[in-house]
Amino acid sequence: MSRLALFGGTPTRTRPLLPWPIFDAREEKALLEVLRSGEWWCYSFGAGSGRADNREDLSRSKLVEFQKAFAEMQGAKYGIACANGTGALEIALKALGVGPGDEVIVPAYSFIATASAVLMVNAIPIFVDIDYNTFNIDPQRVEEAINSKTKAIMPVHFAGQAADMGALLEIAKRHNLAILEDAAHAHGATWNERGLGTIGELGTFSFQSSKNMTAGEGGLILANDQSLAALCESYIWGGREVGRPWYEHHRLGWNYRMTEFQGAILIQQLARLPEQNAKREHNAFYLTTHLSKIPGISVLTTPRFAKIHSHHIFIFRFQEREFGIPRKDFLRALEKEGIPCSFGYAHPLYNNPVFLNQNFYPKGCPFTCGHSERNLDYSSFADLCPNAERACREAVWLEHRHLLGEKSDMDAIVEAIGKIYECRQELVRTPV
Ligand SMILES: *Cc1c(COP(=O)(O)O)cnc(C)c1O
């Protein structure tokens, strides 16, 4: 009889996965208040950039209260809520003046929105490799990718750990480029003492259901420059201008607004964040310490500047040869031990069919519309991004909800992985 749950043994963990999202009577009360008030939507235009002309109406707005509180927590002057994190990136790029023919440097290892937002404003995403030890964009590779078309750098603070902003700020300054921080994983996290999303020209967040704070969906843009903040707000509000008539539209915008319901929930989620992040940090340290003792498990490194890490994902690298079994077998065995896990991204962003086939617009824009002097073959990025390729082959992701458990929950993870290592020969004999 095998000890592995995969072959009929007793699973290490039988309790259900920790819940996410976490909510209680506080969220219920906040939602009911909005429902019963009938104020499901607020004319909050201008409030995020400090220019609202209807201040008396705003005192009851949960959305306005939330965007202010979030900006304060992160340390930015202006916070502008919007529909989702993808939209936040599109708006931010547009506000930075990124458009047809421009190139934006993005990490090859990220969620699709990091690159699709660039194409949505008709600009061209240029993928660069990540650092193998942090899974964050490698400043050296950024520098090599810069040319006369480059307009902005978009670091992702992957899993909630600060990218090397010191090096990136220096590069951006030297080449006169904007920095847009994709901080979708980084609620409450910092680079040294500074809140992520407040260091570049603009920073964006997501409140989609998997993220460390959520209202199901939602997004937010942080800015320190008032005119940039105002421009973001205008794009979210269909191109309107503060102080001008309601049906007068000044630029091509979207409707990317957030509702009062989302604002009300997010105020409560924000109140929970510091304690939850402290718990994630504590448990991530515990896991890192114990898992690094197991052959074939290689934890990521945290540079000193990543002072507060929000641990949106707990990631380690699985080295098949040292552990002795393929990653896919390890993941199946771990899942059966009662520890849900995944391999994360199957391939770097450039290997998605949308890039390989340049399936962006019916007529092939932006490459065929005369702005680009490049003829990019996205499959060629594989040679330039060996670390992103390796990350996709080796990564194991555990959702942040695991890190909100108690010591016994962490011990179950360590024990399950240790057990699989000890029983690896069974998996070698009986491939799954
Ligand atoms: C989730 C995510 C986004 C976009 O967020 P949505 O709110 O889902 O649109 C952007 N970038 C990264 C890295 C993400 O993980």
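Me: At its relative accessibility, does Glu103 count as buried or exposed?

Reply: Glu103 counts as buried, because its relative accessibility is 2%. Buried means under 20% relative accessible area, exposed over 50%, and partly exposed in between, with a 1.4 Å probe and protein chains only. The model is predicted: local features need pLDDT of at least 70 and side-chain atom pairs count only at pLDDT 80 or more, while totals for chains, interfaces and linings use all residues. Residues are numbered from 1 along each chain as its sequence is written, and side-chain values use heavy atoms, with hydrogens and water left out.

Me: Where is the place of Glu103, and what does Glu103 touch?

Reply: Glu103 belongs to strand S2 (residues 103-107). Helices (H or I, at least four residues) and strands (E, at least two) are DSSP runs, numbered from the N terminus. Not counting residues up to four places away in sequence, Glu103 touches Ile124, Ile126, Asn147, Lys149, Thr150, Lys151, Ala152 and Arg374; contact means heavy atoms within 4.5 Å. Thr150 is 47 residues from Glu103 in sequence, yet their C-alpha atoms are 4.5 Å apart.

Me: Which residues have the most contacts inside the largest nonpolar core?

Reply: In soluble globular proteins, nonpolar side chains tend to be buried together. A nonpolar core is a set of buried Ala, Val, Leu, Ile, Met, Phe, Trp, Tyr and Cys residues joined through side-chain atoms within 4.5 Å. The largest one here has 106 residues, and those with the most contacts inside it are Tyr109, Phe127, Phe158, Leu202 and Tyr378. Helix H4 (residues 85-95) gives the most to this core, with six residues. A second, separate core of 32 residues includes Leu4, Leu287, Leu398 and Leu427.

Me: How do H4 and helix H8 pack?

Reply: Two packed helices are described by the angle between their axes and the distance between the axes. Axes are lines fitted to C-alpha atoms, for helices over the stretch in contact, and angles run from 0 to 180 degrees between N-to-C directions. H4 and H8 (residues 226-236) have axes 9 Å apart, at an angle of about 125°. H4 is therefore oblique to H8; angles under 35 degrees count as roughly parallel, over 145 as roughly antiparallel, 65 to 115 as roughly perpendicular and the rest as oblique. The contact joins Ile91, Ala92, Lys94 and Ala95 of H4 to Leu228, Leu231, Cys232, Tyr235 and Ile236 of H8. By class, these residues are eight nonpolar, no polar and one charged. Ala, Val, Leu, Ile, Met, Phe, Trp, Tyr, Cys and Pro count as nonpolar, Asp, Glu, Lys and Arg as charged, and the others, Gly among them, as polar.

Me: At what angle do the axes of helix H9 and helix H15 cross?

Reply: The axes of H9 (residues 260-291) and H15 (residues 407-422) cross at roughly 25° and come within 10 Å. H9 is therefore roughly parallel to H15. On the H9 side, Asn283, Tyr286, Leu287, His290 and Leu291 meet Lys407, Met410, Asp411, Ile413, Val414 and Ile417 in H15. This contact has seven nonpolar, two polar and two charged residues.

Me: Do Glu275 and Lys419 count as buried or exposed?

Reply: Glu275, in H9, counts as exposed because its relative accessibility is 66%. Lys419, in H15, counts as buried because its relative accessibility is 8%. Leaving aside neighbours within four places in sequence, Lys419 is in contact with Arg3, Leu4, Ala5, Thr10, Pro11, Thr12 and Glu337.
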